[in-house]
Amino acid sequence: MAVDLNNIKPDITHDATGTFCPIPITELAKVMKQAKKGQVVELLADDEGAIQDVPAWCETTGNEFLGYKEEDGVLVFYVKKTQD
Amino acid sequence: MKKIKAVALYSGGLDSTLAIKLVQNQGIDVLAVHFYTGFCITETKRRRGEKKPDGTHYMNPALKYAAKYGFKLEIVDISDEYFDIIQNPKYGYGANINPCIDCRAFMYKKAKEIMEREGAHFIVSGEVLNQRPMSQHLKAMKIIEREAGVEGLVVKPLSAKVLPPTIPEEKGWIDRNKLEGIVGRSRKRQLQLAKELGIDEFEQPAGGCCYLTDENFARKYKEAVSIQGFITRDDLYLLTVGRHFRLDTGTKVIVSRNEGEGNFIKGLRKNYWYFEPIGKGAVAIAKPIEDRPLTEEEIKQIANIVARYCKTDEEGKINIKYTSPETDLLTESKEGIILGKKPEETLLENWRI
């Protein structure tokens, strides 16, 4: 099922711009820990490699990768927490 | 019986991948843990804008292979504490500046915390007996485990049969007979095992993410500590970028080697003295040891160094623009244009670190 990324209302937003692999991922992990099951986390990053990293991280943790978009040179990722 | 759980130190390299597979194959639940120490090669490559020949980005090996082989992974940021360890390792440095013993002990300590938090029973490590001279012989293993308070709790599946039985083996949580007895540097058995366990892709050579074992890095690090007496975190990160020079006055000069480094160095121009050619070529930053502005002589020398890596005229000259750091509020800001001329190679080599 395709998700309309422009209509997602994230529960938590975290800015990891200016950092490089693996920091965007360690930051995402910290924020995801605070999130509750079912909540959506929005992660901002400008390390282009995060396009590979975030889906891979979701795979290793079992969280749902909803997609990403680019806004003014910043990558915006959406991840849904699927378990407590 | 309750499900047996283990926490595995995971670099993404072949050894730790095989170790996890061997443990998983005994029906044990494994959480792979990867530590970000702040000395990560992938991070440096990404920061410099380097890509693989096929245009894709370099990936942290742990993340890449955990996803590929379906391992549960946790990446733990230990960079703050780790910076203190590398400055002052209790057991000294290895061949380069890797504080192997202290580093392993610290990682085991952290792994033990995670083990307790997860209700796991033991720790898994991909270490192979005597594979490397410094930390991987028996004596060092013992010191490391005692230091970390994990004695008897670390299973090393690749060498288990040649090591004393651990608590998990004695208690029957894991079957020692199904583990390996690898010794030494030959990778033959690992490669065979990879085939048997369906590991068809791995880091070549064996993974790892740490550049403290890199000779060039170690040389620059030792030089910086001996001249400056200390090193900041920013200094450390800069050791991974560019060509490094030390002027006779002690001032450090870093010149970009490629476009990616050029962009990275340019991004730091507000914090340092910054040099760029009017034309094509490398850019540079400079930092005096003491808190003082650069002298005219130094500015000239740096412009000459930069000229060496620029497209100059037939006489080896090019105009170089320079600016002082913006962060320094006490001294007046300074900028100008100076004619740089390629220096004699012997002079340049004198300054090169």
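Predicted model: local features only at pLDDT ≥ 70, side-chain atom pairs only at ≥ 80, totals over all residues.
Six bridges connect strand S2 (residues 40-45) of chain A with strand S4 (residues 74-80) of chain A, and the two strands run antiparallel. Within the pairing, Glu42(A) has Tyr78(A) of S4(A) as its bridge partner.

S4(A) also pairs with strand S3 (residues 64-71) of chain A, again in the antiparallel sense, over seven bridges. Here Leu75(A) in S4(A) is the bridge partner of Glu70(A). S3(A) and S4(A) form a hairpin with two residues between the strands, and in this hairpin Asp72(A) adopts a positive phi near 50°.

Chain B has 353 residues, of which 43% are buried. Its secondary structure comprises 13 helices and eleven strands, and its C-alpha trace spans about 75 × 40 × 35 Å along the principal axes. Of the contacts in chain B with a separation of 6 or more, 65% are between residues 24 or more positions apart.

Helix H1 (residues 14-24) of chain B illustrates burial within this chain. H1(B) is mostly covered, with nine of its eleven residues buried. The buried residues are Leu14(B), Asp15(B), Ser16(B), Thr17(B), Leu18(B), Ala19(B), Ile20(B), Leu22(B) and Val23(B). They pack against several elements of chain B, namely strand S1 (5-9), strand S2 (29-36), H3, strand S4 (122-124) and helix H8 (188-196).

H1(B) passes H8(B) in a left-handed crossing. On the H1(B) side the contact is made by Leu14(B), Asp15(B) and Leu18(B), and on the H8(B) side by Gln190(B), Leu193(B) and Ala194(B). Sorted by class, this contact has four nonpolar residues, one polar residue and one charged residue.

The two chains also meet each other. Chain B contributes 18 residues to the contact and chain A contributes 16 residues. On the side of chain B that touches chain A, helix H2 (41-47), H3 and strand S3 (72-77) of chain B each supply at least two residues. The residues on this side of chain B comprise nine nonpolar, three polar and six charged.

One helix pair spans the two chains. Helix H2 (residues 50-61) of chain A and helix H3 (residues 61-69) of chain B have axes that come within 8 Å and cross at roughly 50°. H2(A) and H3(B) are therefore oblique to each other, and their crossing is left-handed. From H2(A), the residues that make this contact are Asp53(A), Ala56(A), Trp57(A), Glu59(A) and Thr60(A), while H3(B) provides Leu63(B), Lys64(B), Ala66(B) and Ala67(B). By class, the contact of H2(A) with H3(B) contains five nonpolar residues, one polar residue and three charged residues.

How values were computed. Residues numbered from 1 in each chain as written. Chains lettered and ligands numbered in written order. Axes fitted to C-alpha atoms, helices over the stretch in contact; angles between N-to-C directions. Helix = DSSP H or I, 4+ residues; strand = E, 2+ residues; numbered from the N terminus. Parallel < 35°, antiparallel > 145°, perpendicular 65-115°, else oblique. Left-handed = near helix turned anticlockwise from the far one by under 90°. Contact = placed C-beta atoms within 7 Å. Nonpolar A, V, L, I, M, F, W, Y, C, P; charged D, E, K, R; others polar. Pairing = 2+ DSSP bridges. Buried ≥ 20, exposed ≤ 12 C-beta atoms within 10 Å, placed from the backbone.
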